[in-house]
Amino acid sequence: MEPPAGTRRLYRGGAVYSPADPFATAMLVEGSTVAWVGPDEAAPAWTREGDEVVDLEGRLVTPAFVDAHVHLTETGLRRTGLDLSAVRSRTELLDAVAARARPGELLAGFGWDESRWPAGDGVPTRAELDRAAGGAPVVLSRVDGHSALVTSALAEAAGLRGLAGWDEDGRVRTAAHHAALDARWAALSPTAAQAARRAALEAAAAAGIGTVHEMSGRWLAPPGDLAALQALSRAEALPDVVGYLAERVEDPEQARAVLAGAAAGGAAVAGLGGDLVVDGALGSRTAALRADYADAPGERGSLHLDAAAVAGHLHACTRAGVQAAFHAIGDAALAVVVEALEAVAADLGVPALASAGHRVEHAVLADADVVAAFARFGTAVSTQPAFDAHWGAPGSLYESRLGPQRRRGAHPFAALAAAGVPLALGSDTPVTPFAPWAAVRAAGFPPDEERAVSVRAAFLAHTRGGHRLAGLGHPGVLRPGAPATYAVWDVADLVVQAPDRRLSGWSTDARSGTPGLPDLGPGAPEPVCRRTVVDGVVVHDDLRGAR
Ligand SMILES: [Zn+2]
(Lines give C-alpha, C1' and ligand atoms only; values in the text may rest on other atoms or scores of the structure.)
Protein backbone atom coordinates (compact mmCIF):
# COMPACT_ATOMS: atom_id res chain seq x y z
CA MET A 1 0.00 0.00 0.00
CA GLU A 2 1.09 3.53 -0.73
CA PRO A 3 0.80 6.19 1.99
CA PRO A 4 -1.38 9.18 1.04
CA ALA A 5 0.76 11.48 -1.11
CA GLY A 6 2.31 14.43 0.70
CA THR A 7 1.68 13.03 4.19
CA ARG A 8 4.18 14.46 6.66
CA ARG A 9 4.36 13.29 10.23
CA LEU A 10 6.67 14.60 12.93
CA TYR A 11 7.36 12.54 16.03
CA ARG A 12 8.95 14.41 18.91
CA GLY A 13 9.55 14.10 22.61
CA GLY A 14 10.79 10.53 22.66
CA ALA A 15 13.87 8.58 21.68
CA VAL A 16 14.63 7.53 18.11
CA TYR A 17 17.04 4.65 17.60
CA SER A 18 19.12 5.91 14.70
CA PRO A 19 22.73 5.62 13.60
CA ALA A 20 22.34 9.10 12.11
CA ASP A 21 22.02 10.66 15.58
CA PRO A 22 22.40 8.61 18.76
CA PHE A 23 20.66 11.34 20.75
CA ALA A 24 17.72 11.81 18.39
CA THR A 25 14.43 12.61 20.09
CA ALA A 26 12.48 13.47 16.96
CA MET A 27 11.86 12.04 13.50
CA LEU A 28 10.13 13.49 10.45
CA VAL A 29 8.51 11.11 7.97
CA GLU A 30 7.45 12.24 4.52
CA GLY A 31 5.31 9.80 2.59
CA SER A 32 7.10 6.46 2.61
CA THR A 33 10.50 7.83 3.64
CA VAL A 34 12.33 9.09 6.71
CA ALA A 35 13.06 12.74 5.98
CA TRP A 36 15.03 13.71 9.09
CA VAL A 37 16.04 12.55 12.56
CA GLY A 38 17.52 14.78 15.26
CA PRO A 39 16.86 16.68 18.48
CA ASP A 40 13.47 18.23 19.35
CA GLU A 41 15.02 21.71 19.35
CA ALA A 42 15.86 21.42 15.66
CA ALA A 43 12.47 20.04 14.63
CA PRO A 44 10.75 23.42 13.99
CA ALA A 45 13.19 24.15 11.19
CA TRP A 46 12.05 20.99 9.45
CA THR A 47 8.32 21.18 9.98
CA ARG A 48 5.70 23.22 8.23
CA GLU A 49 2.02 23.97 8.48
CA GLY A 50 -0.18 20.94 8.06
CA ASP A 51 2.33 18.39 9.34
CA GLU A 52 0.85 15.90 11.73
CA VAL A 53 2.72 16.21 15.02
CA VAL A 54 2.87 13.23 17.36
CA ASP A 55 4.09 13.73 20.91
CA LEU A 56 5.92 10.53 21.80
CA GLU A 57 5.67 11.23 25.55
CA GLY A 58 8.98 9.50 26.10
CA ARG A 59 8.29 6.50 23.87
CA LEU A 60 10.94 4.78 21.79
CA VAL A 61 10.95 4.63 18.00
CA THR A 62 12.95 1.82 16.41
CA PRO A 63 13.15 0.24 12.97
CA ALA A 64 10.31 -2.29 12.74
CA PHE A 65 11.46 -5.84 13.40
CA VAL A 66 12.04 -8.47 10.73
CA ASP A 67 10.83 -11.97 11.61
CA ALA A 68 13.11 -14.05 9.40
CA HIS A 69 11.24 -17.37 9.63
CA VAL A 70 7.47 -17.59 9.67
CA HIS A 71 4.58 -19.75 8.46
CA LEU A 72 1.74 -17.26 8.23
CA THR A 73 -1.27 -19.28 7.12
CA GLU A 74 -0.45 -22.07 9.54
CA THR A 75 -0.14 -19.40 12.27
CA GLY A 76 -3.51 -17.89 11.42
CA LEU A 77 -5.13 -21.31 11.44
CA ARG A 78 -4.23 -21.72 15.10
CA ARG A 79 -6.85 -19.14 15.88
CA THR A 80 -9.62 -21.13 14.21
CA GLY A 81 -8.28 -24.64 14.81
CA LEU A 82 -7.77 -26.52 18.04
CA ASP A 83 -4.96 -24.95 20.08
CA LEU A 84 -3.23 -27.64 22.13
CA SER A 85 -0.35 -25.53 23.41
CA ALA A 86 -1.83 -25.28 26.92
CA VAL A 87 -2.53 -29.03 27.16
CA ARG A 88 -0.51 -30.50 30.02
CA SER A 89 -1.27 -34.26 29.83
CA ARG A 90 -2.50 -36.98 27.48
CA THR A 91 -5.90 -36.91 29.18
CA GLU A 92 -6.22 -33.19 28.59
CA LEU A 93 -5.32 -33.72 24.93
CA LEU A 94 -7.95 -36.44 24.49
CA ASP A 95 -10.57 -34.31 26.30
CA ALA A 96 -9.80 -31.35 24.04
CA VAL A 97 -10.27 -33.51 20.94
CA ALA A 98 -13.50 -35.02 22.27
CA ALA A 99 -14.91 -31.53 22.92
CA ARG A 100 -14.24 -30.29 19.37
CA ALA A 101 -14.52 -33.29 17.04
CA ARG A 102 -17.59 -33.45 14.73
CA PRO A 103 -18.49 -36.60 12.78
CA GLY A 104 -17.03 -36.60 9.29
CA GLU A 105 -15.43 -33.14 9.68
CA LEU A 106 -11.67 -32.77 9.57
CA LEU A 107 -10.32 -31.41 12.85
CA ALA A 108 -6.86 -29.84 12.87
CA GLY A 109 -5.08 -29.36 16.18
CA PHE A 110 -1.72 -27.80 16.89
CA GLY A 111 0.94 -27.27 19.44
CA TRP A 112 0.99 -30.27 21.78
CA ASP A 113 4.33 -30.71 23.51
CA GLU A 114 4.64 -33.90 25.54
CA SER A 115 7.98 -32.70 26.94
CA ARG A 116 5.85 -30.48 29.21
CA TRP A 117 3.65 -33.33 30.43
CA PRO A 118 4.19 -35.35 33.61
CA ALA A 119 7.04 -37.85 33.36
CA GLY A 120 5.88 -41.13 31.82
CA ASP A 121 2.75 -39.57 30.28
CA GLY A 122 3.25 -40.69 26.68
CA VAL A 123 1.31 -39.47 23.65
CA PRO A 124 -2.10 -41.12 23.07
CA THR A 125 -2.38 -44.12 20.79
CA ARG A 126 -4.39 -44.12 17.58
CA ALA A 127 -7.11 -46.24 19.24
CA GLU A 128 -7.44 -43.72 22.07
CA LEU A 129 -7.57 -40.83 19.63
CA ASP A 130 -10.18 -42.63 17.47
CA ARG A 131 -12.38 -43.04 20.53
CA ALA A 132 -11.98 -39.40 21.58
CA ALA A 133 -12.69 -38.20 18.04
CA GLY A 134 -15.76 -40.39 17.59
CA GLY A 135 -14.33 -41.65 14.30
CA ALA A 136 -13.69 -38.20 12.78
CA PRO A 137 -10.59 -37.46 10.69
CA VAL A 138 -8.15 -35.66 12.98
CA VAL A 139 -4.58 -34.45 12.56
CA LEU A 140 -2.76 -33.00 15.57
CA SER A 141 0.56 -31.31 14.83
CA ARG A 142 3.30 -31.43 17.41
CA VAL A 143 4.59 -28.01 18.54
CA ASP A 144 7.70 -28.28 16.33
CA GLY A 145 5.66 -29.08 13.21
CA HIS A 146 7.78 -32.14 12.40
CA SER A 147 5.38 -34.88 13.40
CA ALA A 148 1.68 -35.33 14.09
CA LEU A 149 -0.91 -37.67 15.56
CA VAL A 150 -3.69 -38.85 13.29
CA THR A 151 -6.89 -40.87 13.65
CA SER A 152 -7.69 -43.96 11.59
CA ALA A 153 -10.20 -41.99 9.51
CA LEU A 154 -7.52 -39.48 8.52
CA ALA A 155 -5.00 -42.25 7.82
CA GLU A 156 -7.57 -43.96 5.60
CA ALA A 157 -8.53 -40.78 3.69
CA ALA A 158 -4.92 -39.69 3.13
CA GLY A 159 -3.59 -43.18 2.35
CA LEU A 160 -0.93 -43.00 5.06
CA ARG A 161 -0.46 -46.70 5.66
CA GLY A 162 2.62 -48.03 3.94
CA LEU A 163 4.25 -44.61 3.59
CA ALA A 164 7.62 -43.98 5.18
CA GLY A 165 7.22 -42.49 8.65
CA TRP A 166 3.88 -44.22 9.33
CA ASP A 167 3.55 -45.71 12.80
CA GLU A 168 0.63 -48.05 13.62
CA ASP A 169 0.16 -46.07 16.83
CA GLY A 170 -0.92 -43.08 14.75
CA ARG A 171 2.24 -40.99 15.01
CA VAL A 172 3.33 -39.78 11.58
CA ARG A 173 6.71 -38.46 10.55
CA THR A 174 8.47 -37.68 7.23
CA ALA A 175 6.50 -38.82 4.15
CA ALA A 176 3.41 -39.96 6.07
CA HIS A 177 3.41 -36.64 7.95
CA HIS A 178 3.61 -34.70 4.69
CA ALA A 179 0.70 -36.67 3.23
CA ALA A 180 -1.35 -35.95 6.37
CA LEU A 181 -0.61 -32.23 5.95
CA ASP A 182 -1.62 -32.34 2.28
CA ALA A 183 -4.96 -33.84 3.36
CA ARG A 184 -5.35 -31.06 5.91
CA TRP A 185 -4.64 -28.29 3.40
CA ALA A 186 -7.04 -29.88 0.92
CA ALA A 187 -9.84 -29.65 3.51
CA LEU A 188 -9.24 -25.90 4.06
CA SER A 189 -11.68 -23.54 2.30
CA PRO A 190 -10.33 -20.48 0.42
CA THR A 191 -12.26 -18.18 2.79
CA ALA A 192 -10.77 -19.82 5.85
CA ALA A 193 -7.28 -19.66 4.33
CA GLN A 194 -7.62 -15.94 3.57
CA ALA A 195 -8.90 -15.22 7.08
CA ALA A 196 -5.91 -17.09 8.50
CA ARG A 197 -3.49 -15.08 6.36
CA ARG A 198 -4.95 -11.75 7.46
CA ALA A 199 -5.04 -12.77 11.13
CA ALA A 200 -1.38 -13.77 11.07
CA LEU A 201 -0.21 -10.57 9.36
CA GLU A 202 -2.23 -8.47 11.80
CA ALA A 203 -0.62 -10.30 14.70
CA ALA A 204 2.83 -9.61 13.25
CA ALA A 205 2.02 -5.91 12.87
CA ALA A 206 0.73 -5.73 16.46
CA ALA A 207 4.06 -7.15 17.65
CA GLY A 208 6.07 -4.39 15.92
CA ILE A 209 7.11 -6.54 12.99
CA GLY A 210 7.19 -4.77 9.62
CA THR A 211 8.63 -7.56 7.47
CA VAL A 212 8.40 -11.33 7.58
CA HIS A 213 10.23 -14.04 5.68
CA GLU A 214 7.55 -16.55 4.76
CA MET A 215 8.92 -20.08 4.46
CA SER A 216 6.56 -21.54 1.90
CA GLY A 217 6.43 -24.78 0.00
CA ARG A 218 4.53 -28.01 -0.34
CA TRP A 219 3.16 -29.40 2.94
CA LEU A 220 3.98 -26.07 4.55
CA ALA A 221 1.10 -24.18 2.96
CA PRO A 222 -1.78 -24.71 0.54
CA PRO A 223 -1.05 -24.25 -3.19
CA GLY A 224 -0.80 -20.59 -4.23
CA ASP A 225 -0.35 -19.48 -0.63
CA LEU A 226 2.74 -17.32 -1.09
CA ALA A 227 1.20 -15.34 -3.96
CA ALA A 228 -1.99 -14.89 -1.93
CA LEU A 229 -0.01 -13.63 1.09
CA GLN A 230 1.97 -11.15 -0.97
CA ALA A 231 -1.15 -9.90 -2.78
CA LEU A 232 -2.87 -9.39 0.59
CA SER A 233 0.17 -7.57 1.97
CA ARG A 234 0.15 -5.21 -1.02
CA ALA A 235 -3.60 -4.60 -1.04
CA GLU A 236 -4.09 -3.91 2.66
CA ALA A 237 -2.20 -2.08 5.41
CA LEU A 238 -0.14 -5.08 6.51
CA PRO A 239 3.54 -6.04 6.92
CA ASP A 240 5.75 -6.91 3.95
CA VAL A 241 6.08 -10.57 3.00
CA VAL A 242 9.45 -11.73 1.65
CA GLY A 243 8.97 -15.11 0.01
CA TYR A 244 11.03 -18.29 0.27
CA LEU A 245 10.05 -21.41 -1.61
CA ALA A 246 11.24 -24.82 -0.41
CA GLU A 247 11.81 -26.29 -3.83
CA ARG A 248 14.98 -28.19 -4.63
CA VAL A 249 16.66 -27.70 -8.00
CA GLU A 250 19.46 -29.51 -9.79
CA ASP A 251 20.72 -26.97 -12.30
CA PRO A 252 20.66 -23.20 -12.83
CA GLU A 253 18.05 -23.42 -15.59
CA GLN A 254 15.72 -25.22 -13.24
CA ALA A 255 16.35 -22.58 -10.54
CA ARG A 256 15.42 -19.81 -12.97
CA ALA A 257 12.41 -21.78 -14.18
CA VAL A 258 11.08 -22.19 -10.63
CA LEU A 259 11.46 -18.45 -9.98
CA ALA A 260 9.79 -17.63 -13.30
CA GLY A 261 6.97 -20.05 -12.57
CA ALA A 262 6.42 -18.51 -9.13
CA ALA A 263 6.44 -15.02 -10.65
CA ALA A 264 3.89 -16.09 -13.25
CA GLY A 265 1.70 -17.23 -10.36
CA GLY A 266 2.10 -13.86 -8.66
CA ALA A 267 4.75 -14.79 -6.07
CA ALA A 268 8.05 -12.93 -5.64
CA VAL A 269 10.64 -15.39 -4.38
CA ALA A 270 13.79 -14.10 -2.65
CA GLY A 271 15.37 -17.52 -2.21
CA LEU A 272 14.97 -21.15 -3.08
CA GLY A 273 14.67 -23.14 0.10
CA GLY A 274 13.94 -22.05 3.62
CA ASP A 275 12.28 -25.09 5.04
CA LEU A 276 14.01 -27.26 2.49
CA VAL A 277 14.64 -29.82 5.17
CA VAL A 278 17.95 -31.59 5.64
CA ASP A 279 16.58 -33.09 8.86
CA GLY A 280 13.69 -32.68 11.31
CA ALA A 281 13.46 -31.37 14.87
CA LEU A 282 14.83 -32.36 18.27
CA GLY A 283 11.41 -32.53 19.92
CA SER A 284 10.21 -35.11 17.39
CA ARG A 285 13.61 -36.88 17.54
CA THR A 286 13.87 -36.38 13.77
CA ALA A 287 16.83 -33.96 13.87
CA ALA A 288 19.86 -35.86 12.55
CA LEU A 289 22.49 -36.43 15.23
CA ARG A 290 26.00 -37.88 15.04
CA ALA A 291 25.45 -39.74 18.33
CA ASP A 292 22.32 -41.33 19.77
CA TYR A 293 19.53 -39.37 21.38
CA ALA A 294 20.18 -39.39 25.11
CA ASP A 295 16.60 -40.52 25.78
CA ALA A 296 16.32 -43.00 22.89
CA PRO A 297 19.36 -45.26 22.55
CA GLY A 298 19.89 -46.36 18.95
CA GLU A 299 17.98 -43.38 17.52
CA ARG A 300 19.82 -40.62 15.65
CA GLY A 301 16.99 -38.98 13.67
CA SER A 302 17.16 -39.02 9.91
CA LEU A 303 18.52 -37.10 6.97
CA HIS A 304 16.10 -36.11 4.22
CA LEU A 305 18.93 -34.93 1.96
CA ASP A 306 22.49 -36.16 1.63
CA ALA A 307 25.54 -34.02 0.91
CA ALA A 308 25.29 -34.64 -2.85
CA ALA A 309 21.68 -33.42 -2.93
CA VAL A 310 22.48 -30.35 -0.80
CA ALA A 311 25.55 -29.59 -2.94
CA GLY A 312 23.50 -29.99 -6.12
CA HIS A 313 20.98 -27.39 -4.94
CA LEU A 314 23.70 -25.02 -3.68
CA HIS A 315 25.64 -25.37 -6.93
CA ALA A 316 22.58 -24.71 -9.09
CA CYS A 317 21.48 -21.70 -7.01
CA THR A 318 24.99 -20.24 -6.84
CA ARG A 319 25.35 -20.43 -10.61
CA ALA A 320 21.90 -18.91 -11.11
CA GLY A 321 22.72 -16.09 -8.63
CA VAL A 322 19.86 -17.20 -6.40
CA GLN A 323 19.98 -17.49 -2.63
CA ALA A 324 19.59 -21.03 -1.30
CA ALA A 325 18.34 -21.87 2.19
CA PHE A 326 18.20 -25.08 4.17
CA HIS A 327 16.59 -26.20 7.39
CA ALA A 328 19.29 -27.99 9.42
CA ILE A 329 19.14 -28.56 13.18
CA GLY A 330 21.18 -31.60 14.22
CA ASP A 331 24.97 -31.79 14.12
CA ALA A 332 24.84 -34.52 11.46
CA ALA A 333 22.58 -32.37 9.26
CA LEU A 334 24.85 -29.35 9.69
CA ALA A 335 27.86 -31.49 8.80
CA VAL A 336 26.10 -32.41 5.56
CA VAL A 337 25.54 -28.72 4.77
CA VAL A 338 29.19 -27.92 5.47
CA GLU A 339 30.37 -30.81 3.29
CA ALA A 340 28.16 -29.50 0.49
CA LEU A 341 29.41 -25.91 0.93
CA GLU A 342 32.99 -27.17 0.72
CA ALA A 343 32.26 -29.10 -2.47
CA VAL A 344 30.64 -26.09 -4.15
CA ALA A 345 33.44 -23.78 -2.97
CA ALA A 346 36.01 -26.15 -4.47
CA ASP A 347 34.20 -26.06 -7.78
CA LEU A 348 32.97 -22.48 -8.13
CA GLY A 349 35.29 -20.66 -5.71
CA VAL A 350 34.61 -19.08 -2.33
CA PRO A 351 33.78 -15.60 -3.71
CA ALA A 352 31.00 -16.96 -5.95
CA LEU A 353 29.60 -19.05 -3.10
CA ALA A 354 29.79 -16.20 -0.58
CA SER A 355 28.25 -13.62 -2.90
CA ALA A 356 25.13 -15.77 -3.32
CA GLY A 357 24.50 -15.21 0.41
CA HIS A 358 23.05 -18.62 1.20
CA ARG A 359 21.39 -19.16 4.55
CA VAL A 360 20.74 -21.94 7.03
CA GLU A 361 17.61 -22.01 9.18
CA HIS A 362 17.90 -22.94 12.88
CA ALA A 363 21.46 -24.37 12.95
CA VAL A 364 20.78 -25.41 16.55
CA LEU A 365 23.74 -27.76 17.06
CA ALA A 366 26.36 -25.79 15.14
CA ASP A 367 29.77 -26.69 16.60
CA ALA A 368 33.00 -24.75 16.14
CA ASP A 369 33.73 -26.36 12.75
CA VAL A 370 30.29 -25.46 11.42
CA VAL A 371 30.57 -21.89 12.71
CA ALA A 372 34.01 -21.51 11.10
CA ALA A 373 32.76 -22.92 7.79
CA PHE A 374 29.73 -20.62 7.73
CA ALA A 375 32.00 -17.64 8.39
CA ARG A 376 34.41 -18.72 5.66
CA PHE A 377 31.70 -19.24 3.05
CA GLY A 378 29.59 -16.19 3.93
CA THR A 379 26.69 -18.43 4.90
CA ALA A 380 24.12 -16.74 7.12
CA VAL A 381 22.15 -18.21 10.00
CA SER A 382 18.48 -17.55 10.69
CA THR A 383 18.05 -18.47 14.35
CA GLN A 384 15.10 -18.66 16.78
CA PRO A 385 16.26 -17.62 20.27
CA ALA A 386 12.81 -18.42 21.70
CA PHE A 387 13.54 -22.11 21.05
CA ASP A 388 16.45 -21.75 23.43
CA ALA A 389 14.31 -19.97 26.02
CA HIS A 390 11.58 -22.65 25.75
CA TRP A 391 13.64 -25.80 25.50
CA GLY A 392 17.32 -24.96 26.06
CA ALA A 393 17.54 -24.55 29.83
CA PRO A 394 18.98 -27.23 32.10
CA GLY A 395 16.31 -29.85 32.75
CA SER A 396 14.31 -28.91 29.62
CA LEU A 397 13.67 -30.73 26.37
CA TYR A 398 17.14 -30.33 24.86
CA GLU A 399 18.73 -31.83 27.94
CA SER A 400 16.40 -34.85 27.77
CA ARG A 401 17.15 -35.35 24.09
CA LEU A 402 20.85 -34.50 24.13
CA GLY A 403 22.15 -34.88 27.65
CA PRO A 404 23.76 -32.02 29.58
CA GLN A 405 26.92 -31.64 27.50
CA ARG A 406 25.38 -31.44 24.04
CA ARG A 407 22.62 -29.19 25.40
CA ARG A 408 25.19 -26.57 26.36
CA GLY A 409 26.41 -26.49 22.78
CA ALA A 410 22.98 -25.67 21.35
CA HIS A 411 22.30 -22.24 19.85
CA PRO A 412 25.84 -20.84 19.95
CA PHE A 413 24.73 -17.22 19.45
CA ALA A 414 27.98 -15.77 20.77
CA ALA A 415 30.24 -17.99 18.66
CA LEU A 416 28.26 -17.21 15.50
CA ALA A 417 28.36 -13.49 16.17
CA ALA A 418 32.04 -13.49 17.10
CA ALA A 419 32.94 -15.35 13.90
CA GLY A 420 31.10 -12.76 11.83
CA VAL A 421 28.37 -15.09 10.58
CA PRO A 422 25.49 -12.90 9.37
CA LEU A 423 22.59 -13.45 11.75
CA ALA A 424 18.85 -12.90 11.60
CA LEU A 425 16.29 -13.69 14.27
CA GLY A 426 12.85 -15.17 13.90
CA SER A 427 10.06 -17.04 15.65
CA ASP A 428 9.24 -19.92 13.28
CA THR A 429 5.67 -19.02 14.20
CA PRO A 430 3.47 -21.00 14.91
CA VAL A 431 6.23 -22.90 16.74
CA THR A 432 6.72 -19.84 18.94
CA PRO A 433 4.62 -16.62 18.75
CA PHE A 434 5.59 -13.26 17.23
CA ALA A 435 7.58 -11.75 20.11
CA PRO A 436 10.66 -9.88 18.87
CA TRP A 437 11.80 -8.35 22.16
CA ALA A 438 11.49 -11.74 23.83
CA ALA A 439 13.80 -13.11 21.12
CA VAL A 440 16.30 -10.30 21.70
CA ARG A 441 16.16 -11.02 25.42
CA ALA A 442 16.59 -14.77 24.85
CA ALA A 443 19.75 -14.22 22.80
CA GLY A 444 21.04 -11.65 25.30
CA PHE A 445 20.29 -13.72 28.39
CA PRO A 446 20.35 -17.44 27.46
CA PRO A 447 20.46 -20.20 30.08
CA ASP A 448 24.25 -20.43 29.72
CA GLU A 449 26.00 -17.10 29.79
CA GLU A 450 28.83 -18.15 27.48
CA ARG A 451 26.31 -18.25 24.63
CA ALA A 452 25.02 -14.70 25.19
CA VAL A 453 25.37 -11.85 22.74
CA SER A 454 24.87 -8.20 23.64
CA VAL A 455 21.31 -6.90 23.52
CA ARG A 456 22.40 -4.48 20.85
CA ALA A 457 23.82 -7.27 18.66
CA ALA A 458 20.61 -9.26 19.04
CA PHE A 459 18.48 -6.20 18.31
CA LEU A 460 20.46 -5.43 15.15
CA ALA A 461 20.20 -9.07 14.04
CA HIS A 462 16.41 -8.84 14.45
CA THR A 463 16.14 -5.60 12.44
CA ARG A 464 18.98 -4.82 9.99
CA GLY A 465 20.15 -8.45 10.00
CA GLY A 466 16.82 -9.75 8.72
CA HIS A 467 16.81 -7.29 5.83
CA ARG A 468 20.41 -8.15 5.07
CA LEU A 469 19.62 -11.88 4.85
CA ALA A 470 16.79 -11.20 2.42
CA GLY A 471 19.27 -9.38 0.19
CA LEU A 472 16.70 -6.93 -1.14
CA GLY A 473 18.60 -3.76 -0.28
CA HIS A 474 16.47 -2.54 2.64
CA PRO A 475 18.80 -0.71 5.08
CA GLY A 476 16.75 -1.61 8.18
CA VAL A 477 17.78 1.55 10.02
CA LEU A 478 16.12 4.94 10.55
CA ARG A 479 18.09 7.61 8.76
CA PRO A 480 17.18 10.25 6.17
CA GLY A 481 16.26 8.60 2.89
CA ALA A 482 15.53 5.20 4.42
CA PRO A 483 12.10 3.59 4.13
CA ALA A 484 9.77 4.76 6.93
CA THR A 485 9.38 1.28 8.41
CA TYR A 486 9.34 1.65 12.18
CA ALA A 487 7.62 0.81 15.43
CA VAL A 488 6.72 2.99 18.44
CA TRP A 489 7.11 1.41 21.88
CA ASP A 490 6.10 2.02 25.44
CA VAL A 491 9.29 1.43 27.36
CA ALA A 492 10.49 1.77 30.92
CA ASP A 493 14.15 2.76 31.00
CA LEU A 494 16.52 2.99 28.10
CA VAL A 495 19.97 1.76 28.92
CA VAL A 496 23.31 1.25 27.31
CA GLN A 497 24.26 -2.24 28.38
CA ALA A 498 27.13 -2.29 30.84
CA PRO A 499 30.41 -3.56 29.50
CA ASP A 500 31.26 -7.11 30.45
CA ARG A 501 33.34 -9.92 29.10
CA ARG A 502 31.00 -10.35 26.15
CA LEU A 503 31.67 -6.89 24.84
CA SER A 504 34.66 -4.96 23.78
CA GLY A 505 34.87 -1.24 23.15
CA TRP A 506 31.43 -0.70 24.64
CA SER A 507 31.11 2.39 26.74
CA THR A 508 28.48 3.50 29.24
CA ASP A 509 29.62 7.08 28.68
CA ALA A 510 26.84 8.93 26.85
CA ARG A 511 29.48 10.69 24.80
CA SER A 512 30.33 7.37 23.19
CA GLY A 513 27.31 8.04 21.01
CA THR A 514 25.63 4.71 21.48
CA PRO A 515 21.84 4.90 21.34
CA GLY A 516 20.04 3.32 24.29
CA LEU A 517 17.80 0.28 24.13
CA PRO A 518 15.16 -0.97 26.57
CA ASP A 519 16.47 -2.74 29.65
CA LEU A 520 15.81 -6.41 28.90
CA GLY A 521 17.53 -7.84 31.94
CA PRO A 522 15.77 -10.61 33.83
CA GLY A 523 12.57 -9.26 35.38
CA ALA A 524 12.49 -6.05 33.36
CA PRO A 525 9.20 -5.48 31.53
CA GLU A 526 9.08 -5.96 27.77
CA PRO A 527 8.35 -2.96 25.56
CA VAL A 528 4.76 -2.74 24.34
CA CYS A 529 4.10 -1.93 20.68
CA ARG A 530 1.86 1.12 20.16
CA ARG A 531 2.25 1.67 16.43
CA THR A 532 3.84 -0.14 13.49
CA VAL A 533 4.45 1.57 10.16
CA VAL A 534 5.66 0.00 6.91
CA ASP A 535 6.86 2.32 4.14
CA GLY A 536 4.87 5.15 5.70
CA VAL A 537 1.65 3.12 5.99
CA VAL A 538 0.35 2.55 9.52
CA VAL A 539 -0.24 -1.22 9.81
CA HIS A 540 -0.96 -1.30 13.55
CA ASP A 541 -2.12 1.62 15.66
CA ASP A 542 -2.71 1.75 19.37
CA LEU A 543 -1.23 5.22 19.80
CA ARG A 544 -4.21 7.50 19.17
CA GLY A 545 -5.91 6.54 22.38
CA ALA A 546 -2.68 6.80 24.33
CA ARG A 547 -2.50 8.61 27.63
ZN1 LIG B 1 9.91 -23.34 9.57
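Me: Which residue does Asp-448 form a salt bridge with, and how far apart are the closest N and O atoms?
Reply: Asp-448 forms a salt bridge with Arg-451, and the closest N and O atoms are 2.4 Å apart. A salt bridge here is a side-chain nitrogen of Lys or Arg within 4 Å of a carboxyl oxygen of Asp or Glu. Keep in mind that this is a predicted model, where local features need pLDDT of at least 70, side-chain atom pairs count only at pLDDT 80 or more, and totals for chains, interfaces and linings use all residues. Residues are numbered from 1 along each chain as its sequence is written, and side-chain values use heavy atoms, with hydrogens and water left out.

Me: Is Arg-451 buried or exposed?
Reply: Arg-451 is buried, with a relative accessible area of 3%. The cut-offs are under 20% relative accessible area for buried, over 50% for exposed and partly exposed in between, using a 1.4 Å probe and protein chains only. Asp-448 counts as buried too, because its relative accessibility is 4%.

Me: How many salt bridges does the count come to?
Reply: The count comes to 37. One of them joins Arg-142 and Asp-113, whose closest N and O atoms are 3.2 Å apart. Arg-142 sits in strand S10 (residues 138-142), while Asp-113 is in the loop between strand S9 (107-112) and helix H4 (126-133), 29 residues apart. Both Arg-142 and Asp-113 are buried.

Me: OK, metal next. Which residues are the protein donors of the zinc ion?
Reply: His-69 (NE2), His-71 (NE2), Asp-275 (OD) and Asp-428 (OD), lying 2.0 to 2.6 Å from the zinc ion. Donors are N, O and S atoms within 2.8 Å of the metal (3.2 Å for Na, K and Ca), and water is not among the atoms, so sites may look incomplete. In sequence the donor residues are spaced H-x1-H-x203-D-x152-D.

Me: Why is the arrangement irregular?
Reply: Because the four donor atoms subtend angles of 81 to 164° around the zinc ion. Four donors count as tetrahedral if all angles lie between 85 and 135 degrees; four count as square planar and six as octahedral if opposite donors are over 155 degrees apart and all others between 65 and 115; anything else is irregular. As for the histidines, His-69 is buried at 0% relative accessibility, and His-71 is buried at 8%.

Me: Switching to strands: what order do the four strands of the open sheet come in?
Reply: The order is S4-S3-S1-S5, with mixed pairing. Strand S4 (33-38) and strand S5 (52-55) are the edge strands, each pairing on one side only. Two strands pair if DSSP finds at least two bridges between them.

Me: How many bridges join S3 to S4?
Reply: Five bridges join strand S3 (residues 26-30) to S4, and the two run antiparallel. For instance, Met-27 has Val-37 in S4 as its bridge partner.

Me: Last one: how many disulfides?
Reply: The count comes to zero, a disulfide being a pair of cysteine sulfur atoms within 2.5 Å. Cys-317 is buried at 0% relative accessibility, and Cys-529 is buried with a relative accessible area of 7%.
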